[in-house]
Amino acid sequence: MSLLSVKNLQVTFNTEAGLVEAVRGVSFELGRERLGIVGESGSGKTMTGRAVLRLIRPPGRIMADAMTFDGQDLMAASEAQMRALRGRRIAMVMQDPKFSLNPVMRVGAQLMEGLRQRDHVSRAVAYAKAVAALDAVQIRDVDRVMEAYPHELSGGMGQRVMIAMMLIPNPDLLIADEPTSALDVTVQAEVLSILDALVRDRGMGLIFISHDLRLVARFCDRVLVMYKGRIVEEIAAKDLLHARHPYTQGLLNCLPRIGGTRGPLPGLDRNAEWAM
Amino acid sequence: MTMASSSWSTWLREPNPASRLQSRLVQAWLSWLRFRRNPLAMIGLAISVALVLMSIFAPLLAPYDPIAQALGNRLLPPGTPGHWMGTDDFGRDIWSRILFGSRITLYIVLLVILTAPVVGLIIGTVAGYFGGWIDQVLMRITDIFLAFPKLILALALVAVLGPGMVNAVLAIALTSWPPYARVARAETLTVRNSDYIAAVKLQGAGAMRVILGHVMPMCLPSVIIRVTLDMAGVILTAAGLGFLGLGVQPPMPEWGLMISAGRKFLFEQWWVATMPGLAIFIVSLGFNLLGDGLRDVLDPRSSGR
Amino acid sequence: MGDVMALIEIENLSVTFNANGRRVRAVEAVSLKVGEKASFGLVGESGSGKSTILRAICGLAPVSAGRIRIGGEAVQSPRGKAFSAQVQMVFQDPYASLHPRHTVDRTLSEPLAIHGIGDRDARVMTALTDVGLPTSFRFRYPHQLSGGQRQRVAIARALMLKPQILLLDEPTSALDASVQAEVLNLLMRLREERGLTFLMVSHDLAVIDHMCDRVLVMQNGRAVEELSRTALASAQMQTDYARSLFAASADRMLEG
Ligand SMILES: Nc1ncnc2c1ncn2[C@@H]1O[C@H](COP(=O)(O)OP(=O)(O)OP(=O)(O)O)[C@@H](O)[C@H]1O
Ligand SMILES: Nc1ncnc2c1ncn2[C@@H]1O[C@H](COP(=O)(O)OP(=O)(O)OP(=O)(O)O)[C@@H](O)[C@H]1O
Ligand SMILES: [Mg+2]
Ligand SMILES: [Mg+2]
């Protein structure tokens, strides 16, 4: 049985400037595996992830024929039931760590907050868990980072703090929105191996949202390619770099390559028909 | 008519405004549309607008002189023909007094709005932006002011300055800036390390320009929200001072003063104290609802992403 | 590299932050030279001090030792307006680097106002056109722009004062593949047209290879190894760390 099942998900924003259809009929099943979502900016990747957690702010609306997580109907769940799921069983690493961390609260306090409030563990235990989580994401100088404010961290450190924060409660499903975009390749490899271990050993489900196609091809099992709120292609990750769909091919062609010519990179030709 | 109005509304929704003015108006219009969706906020706005209209048109609306006494008509109950809210112990029409009283209330509110938040904003942003000893000194001063209950500090100030409306306003303003300084400082701390502030510093901007042009606009929404939410408190403090005889002096129709005058016969002639009390209640409620609505529209975290 | 003239010269730069009484040695004794019209890359471990070097050049980080020279002259502290007209920076996160309550117009005219430069309307329009944005975007707010469009505005802002040097802190890491291509093409074009000098941070070796002539590899606050573009592309590294970075980027190589 699948962990998460989404049928015909739609997210619309009834804004003053008109109706924005951010997600238009997305369906997928997720087992205990690594599912990648790629697509250009504004294609609805983030909104798809947030909709699963029902974290869309008004005027946004979520509609779906069905959305179930581990047998529980997410569309019918009460707000209190959703709160119990969020963070504990389904966690999401937000796209912009600077935006998601509290700028005037120490990193350590933010990491321990959930543990202290949700799980009522003692301060010492919470501290130890927070330190272990930072260690796991390859932070040097853990003691200093626990005491630091978010602006005292580098871009990549902030991102790793976010990942650590989401992994502390051992979620069953992790939605990671561009979790490694600010990391160098070696640290990125370490972080990915942590996620990989969680999927393999603990059977966590992972939705990995990214614009780095080569990374997704290497790391995920299955990939959804999104364009203008729709899935235009679903493909096994190992075949992603040889995708047939012209949109996916276009995205791949935009990438620079080591040792490539330094002429202008090709742009992306968008075809209105793909959005149909 | 419909043609004209629809072209206006497209002009006001234009995603690519052609001028600075238009872009401001578009933003204001979109905020208004968002505000309009909140019925409670609309009630708050209606009450606030009604207060303004009442005070502007008081001479036209009021059936009687609010000060002239008519001892033959003392303590008429509400519903008496010609005095639908009744009269007080000097035979003055309560409705007329409430209408004229709204002018005093509005006057106090405006003077406080023009002083306290400005002082608080300046002190808070300067403290937050520079940090270090400047922050320490300014915040200790703020703490000292915050340590005293507002009404008691205002009482002490009025006792020193002498009773009267202007002194009451001064006392209220002097006691109500510290929370704005706190709010502004907290907001400044969250923005001062951001990249857009670094960017403008890098362009050679001095501290004045950064604080005025870049930090203050970010603090303004939270301060404005705080102000509207505090307005009820200001009105109550002013009424309290009036009630204690330290604010506006008789025979001026100030609402607090009117309650104070009516308390002597609260049990027999309940309406004398109740009518101005209701007025204070409704206006305070109105400002609170307005503040809640503005929070949804102005909060920087709710617009944009 | 003993060339004719180094525009940016950094000698034994150390940056030490004082965070809650703790001393954080973010950069330790790093030296580098960037020639005029060259494009120099910084890569390395997350938290290794790359952004801090750029910030130190701009006077936004506390330098504890070493020298920074621009065009042969030591930089003044505080930096002053002449410096702003010579060196500008593009920040990593286009969502955080534009003032949320200022229109594009205000953002772009601010540097002109600070430096008392007139003819602002025309200059703002030209700047927008130069970075490939329609002039109709002039009065939009950042939340009405996509990530790529915001980054273009940030680049336009950096170019308003016609600087010689552009410091780029991961200018495309928050952008998707197609927008990254647009922004990189834009930067290449502007560099050619205006003879700009780039000092650029990225963790994508393919981007560095595409944009830069030389690259410095950093780890834990220290410079590990400096490589030319040819050395990078042909994997001629001396140190283990540089080699491991390269190995982890194998999927970014040209086919084959
Ligand atoms: N509050 C909102 N009001 C109106 N439209 C919105 C709102 N939030 C998001 N959108 C729209 O929803 C669409 C999908 O946005 P989403 O954030 O999911 O894109 P994304 O694929 O995550 O892009 P990126 O790679 O840039 O993060 C966009 O076109 C965006 O403009
Ligand atoms: N204001 C500050 N106060 C204290 N420490 C700081 C401050 N700014 C940066 N640091 C520290 O300096 C070190 C270097 O940070 P820097 O931002 O230069 O890294 P980076 O190489 O750009 O990394 P990334 O690739 O993750 O962005 C980090 O350990 C960081 O925590
Ligand atoms: Mg997104
Ligand atoms: Mg950095």
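Modeller: Two residues are in contact here when their heavy atoms lie within 4.5 Å. With that cut-off, the contact takes 47 residues from chain C and 46 residues from chain A. Bear in mind that this is a predicted model.

Biologist: Why is the pair Arg140(A) and Glu45(C) called a salt bridge?

Modeller: The cut-off is 4 Å, taken from a side-chain nitrogen of Lys or Arg to a carboxyl oxygen of Asp or Glu. The closest N and O atoms of Arg140(A) and Glu45(C) are 2.9 Å apart, so the pair passes.

Biologist: How many salt bridges and polar contacts are there between chain C and chain A?

Modeller: The count is one salt bridge, plus eleven residue pairs in polar contact, with both residues at pLDDT 80 or more.

Biologist: And which element gives the most to the side of chain C that touches chain A?

Modeller: H6(C), with seven residues. By class, that side of chain C has 21 nonpolar, 15 polar and eleven charged residues.

Biologist: On to ligand 2. Where does ligand 2 lie?

Modeller: Between chains A and C. Ligand 2 is surrounded by 19 residues, and the closest are Arg144(A), Ser154(A), Gly47(C), Ser51(C) and Thr52(C).

Biologist: What makes Ser154(A) a polar contact of ligand 2?

Modeller: A polar contact needs a pair of N or O atoms within 3.5 Å. A polar side-chain atom of Ser154(A) lies 2.7 Å from an oxygen atom of ligand 2, so the pair qualifies. From chain C, a polar side-chain atom of Ser46(C) lies 2.8 Å from a ligand 2 oxygen atom. For Lys50(C), a backbone N or O atom lies 2.8 Å from an oxygen atom of ligand 2.

Biologist: How do you know whether ligand 2 is buried or exposed?

Modeller: Taken alone, ligand 2 exposes 640 Å², and the protein buries 91% of that.

Biologist: Which elements give two or more residues to the shell around ligand 2?

Modeller: Helix H7 (155-167) of chain A, together with strand S1 (6-19) and helix H1 (50-57) of chain C. Sorted by class, the shell has five nonpolar, nine polar and five charged residues.

Technical notes:
Residues numbered from 1 in each chain as written. Chains lettered and ligands numbered in written order. Predicted model: local features only at pLDDT ≥ 70, side-chain atom pairs only at ≥ 80, totals over all residues. Heavy atoms only, no water. Near = heavy atom within 4 Å. Polar contact = N/O pair within 3.5 Å; in protein donor to acceptor, adjacent residues only side chain to side chain. Areas by Shrake-Rupley, 256 points an atom, 1.4 Å probe, with all protein chains shown as cover. Helix = DSSP H or I, 4+ residues; strand = E, 2+ residues; numbered from the N terminus. Nonpolar A, V, L, I, M, F, W, Y, C, P; charged D, E, K, R; others polar.
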